[in-house]
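Have a look at the model on the screen, and then I'll walk you through it.

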Amino acid sequence: FFPAVQHARRVCEAISVHNYHRFFQLYRDSPYMSGYFLDMVVDSIRDLALQMILKVYRPSVSIEFVQKELAFQNYDRCVSFLLDKKCTL
C-alpha cells in the first residue's frame, strides 16, 4: 500500500515541476497496476517533453535518445510519434 502512495506522490511532483525525465523513470517502474493509470496521461506528457527536448537539444537530437527518454519500447512507435508531430527525421 505505502509504496503505491509514495509512487503516486513522486509522479505528481515530477509532473508539477515539468521533470519529464523523472516522470518516465517512474512510468517504467510503476508498482502494481498504476502503469495503466499513467497510460491515460503519458501521451500529453510526451508532447510536453518532446517540446522541451527539441528546445534544449536543437538543432538535432537522435531518435534513440527520444525513444529512451520518452519511454517508447518500440523504435517504430517512436518514429511514428515523431512523424505525427511533424518532426524532420
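So, in what order do the elements of the protein run from the N terminus on? They go α-α-α-α-α-α. That comes to six helices and zero strands; here helices (H or I, at least four residues) and strands (E, at least two) are DSSP runs, numbered from the N terminus.

Quick housekeeping. This is a predicted model, where local features need pLDDT of at least 70 and side-chain atom pairs count only at pLDDT 80 or more, while totals for chains, interfaces and linings use all residues. Residues are numbered from 1 along each chain as its sequence is written, and side-chain values use heavy atoms, with hydrogens and water left out.

Now the overall picture. The C-alpha atoms fill a box of roughly 45 × 25 × 15 Å, taken along the principal axes. Of the 89 residues in the protein, 34% are buried. Buried means under 20% relative accessible area, exposed means over 50%, and partly exposed is in between, using a 1.4 Å probe and protein chains only. As for contacts (heavy atoms within 4.5 Å), take those between residues at least 6 apart in sequence: 41% of them join residues at least 24 apart.

Let's go inside. Which residues touch the most other members of the largest nonpolar core? Out of its 23 residues, they are Phe23, Phe24, Tyr27, Leu50, Val66, Leu70 and Leu82. By nonpolar core I mean a set of buried Ala, Val, Leu, Ile, Met, Phe, Trp, Tyr and Cys residues joined through side-chain atoms within 4.5 Å. At least two residues of this core come from each of helix H1 (2-16), H2, helix H4 (42-56), helix H5 (63-69) and helix H6 (75-84). Pick Leu70 from that list: leaving out residues up to four places away in sequence, Leu70 touches Tyr20, Phe24, Arg46, Ala49, Leu50, Ile53 and Phe81.

Next, the rings. How many aromatic pairs does the structure hold? Five. Rings of Phe, Tyr and Trp (its six-membered ring) pair if their centres lie within 6.5 Å; planes under 30 degrees apart count as stacked, over 60 as edge-to-face and the rest as tilted. One of the pairs is Phe24 with Tyr27, which is edge-to-face at 6.4 Å centre to centre, with 90 degrees between the planes. Those two sit three residues apart in helix H2 (residues 20-28), so about one helical turn separates them. Phe24 is buried with a relative accessible area of 0%, and Tyr27 is buried with 18%. Another pair, Phe72 and Phe81, is tilted: 5.3 Å centre to centre and 45 degrees between the planes. Both Phe72 and Phe81 are buried. Ring pairs also link Phe23, Phe24 and Tyr27 into a cluster.

Arg46 lies over its face, at 3.9 Å from the ring centre. The rule for a charge over a ring is NZ of Lys or CZ of Arg within 6 Å of the ring centre and within 35 degrees of the ring normal.

On to helix packing. Two packed helices are described by the angle between their axes and the distance between the axes. For H2 and H4, the axes come within 10 Å and cross at roughly 145 degrees. Axes are lines fitted to C-alpha atoms, for helices over the stretch in contact, and angles run from 0 to 180 degrees between N-to-C directions. H2 brings Tyr20, Phe23, Phe24 and Tyr27 to the contact, and H4 brings Val42, Ile45, Arg46, Ala49, Met52 and Ile53.

Last stop, the loops. Where is the cis peptide bond? It joins Arg58 and Pro59, with omega at about 20 degrees, and Pro59 is found in the loop between H4 and H5.

Then there's Tyr32, in the loop between H2 and helix H3 (34-38). Its phi is near 55 degrees, a positive value in a residue other than glycine. Is Tyr32 buried or exposed? Exposed, with a relative accessible area of 65%. Ala71, in the loop between H5 and H6, has a positive phi as well, near 60 degrees. Ala71 counts as buried, though, at 11% relative accessibility.

That's my tour, so over to you for questions.
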